[in-house]
Each structure stands twice: as structure tokens, then as C-alpha cells.
Amino acid sequence: YETVIVNQIGQDITFDIYPTSMEVAATSGTYIINVTASTSYSASTQDSWITLDAIESVNIKTFTVSANDSRDARVGTITFTDGNETLTVTVTQRGG
């Protein structure tokens with residue numbers, strides 16, 4: 001008997017987001033994050049003033065911010081997860 005070793009090349013996994021940081025107006029509005037993902041991903045936020053919209057496309061994630069009535073800017077994050085990889089978008093909203 002002869003031993004044969006077989007190496008199978010797996011699929012290249014692509015996962016990237018753009019931009020990774022955004023400055024948005026103090027008023028409410030909807031914004032876009034471009035996502036490059038060869039597999040399914042999830043997005044989440046812990047910030048109550050950021051609402052993630054349903055995924056319309058594999059390549060785009062939209063989110064809405066509520067108006068910032070404070071004079072101070074606020075900073076939130078949106079976290080994207082694809083398997084074991086996590087990417088974060090930092091959202092800075094100007095003060096009103």
C-alpha cells in the first residue's frame with residue numbers, strides 16, 4: 001500500500017468594510033456602509049441612537065441615527081462579525 005496525501009485548497013474568505021469611521025450630522029439621517037463578504041455576516045450595535053436597517057444587499061448595510069439634541073458630540077459603534085472575524089465602524093455624531 002502507498003500513502004497518498006491530499007491537500008484541498010479552501011475558498012478564499014473575503015471580509016472588509018468601508019468606511020471604518022464616519023462623522024455624521026447632528027440631525028437624523030440614514031447612512032451606508034459598504035461590506036465585502038464572501039460569506040454571511042451579522043451587524044449589531046449597543047447604541048440606542050443607531051438603528052441598523054435590514055440587509056438589502058450582501059454589499060451594503062444601511063443605518064439610521066436619531067437627532068443629537070445635545071451640544072456635545074457622541075460616539076457609537078457598529079460591529080460586523082463574519083465567522084471568527086470582527087470589524088468595527090466608529091460613528092461620531094456632531095452635537096446639535
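Author: In this predicted model, β3 and β6 run antiparallel and are joined by six bridges. Within this pairing, Ile32 stands opposite Thr62 in β6.

Reader: What makes β3 and β6 a pair?

Author: Two strands pair if at least two bridges are found between them. Six bridges join β3 to β6, so the term applies. β1 and β3 also pair in the antiparallel sense, over four bridges, and Ile17 has Val35 in β3 as its bridge partner.

Reader: Why is Lys61 called buried?

Author: Buried means under 20% relative accessible area. The value for Lys61 is 6%, and therefore Lys61 is buried. Lys61 lies in strand β6.

Reader: What makes the approach of Asp53 to Lys61 a polar contact?

Author: The limit for such a pair of N or O atoms is 3.5 Å. The backbone oxygen of Asp53 lies 2.4 Å from a polar atom of the side chain of Lys61, which is within that limit.

Reader: Which residues of the largest nonpolar core touch the most other members?

Author: Of its 18 residues, these are Ile33, Val35, Phe63, Ile78, Phe80, Val89 and Val91. β1, β2, β3, β6, β7 and β8 each supply at least two residues of this core, and β3 gives the most, with four.

Conventions: Residues are numbered from 1 along each chain as its sequence is written. This is a predicted model: local features need pLDDT of at least 70, side-chain atom pairs count only at pLDDT 80 or more; totals for chains, interfaces and linings use all residues. Side-chain values use heavy atoms; hydrogens and water are left out. Buried means under 20% relative accessible area, exposed over 50%, partly exposed in between (1.4 Å probe, protein chains only). A polar contact is a pair of N or O atoms within 3.5 Å; within protein, one must be able to donate a hydrogen and the other to accept it, and residues adjacent in sequence count only if both atoms are side-chain atoms. A nonpolar core is a set of buried Ala, Val, Leu, Ile, Met, Phe, Trp, Tyr and Cys residues joined through side-chain atoms within 4.5 Å.
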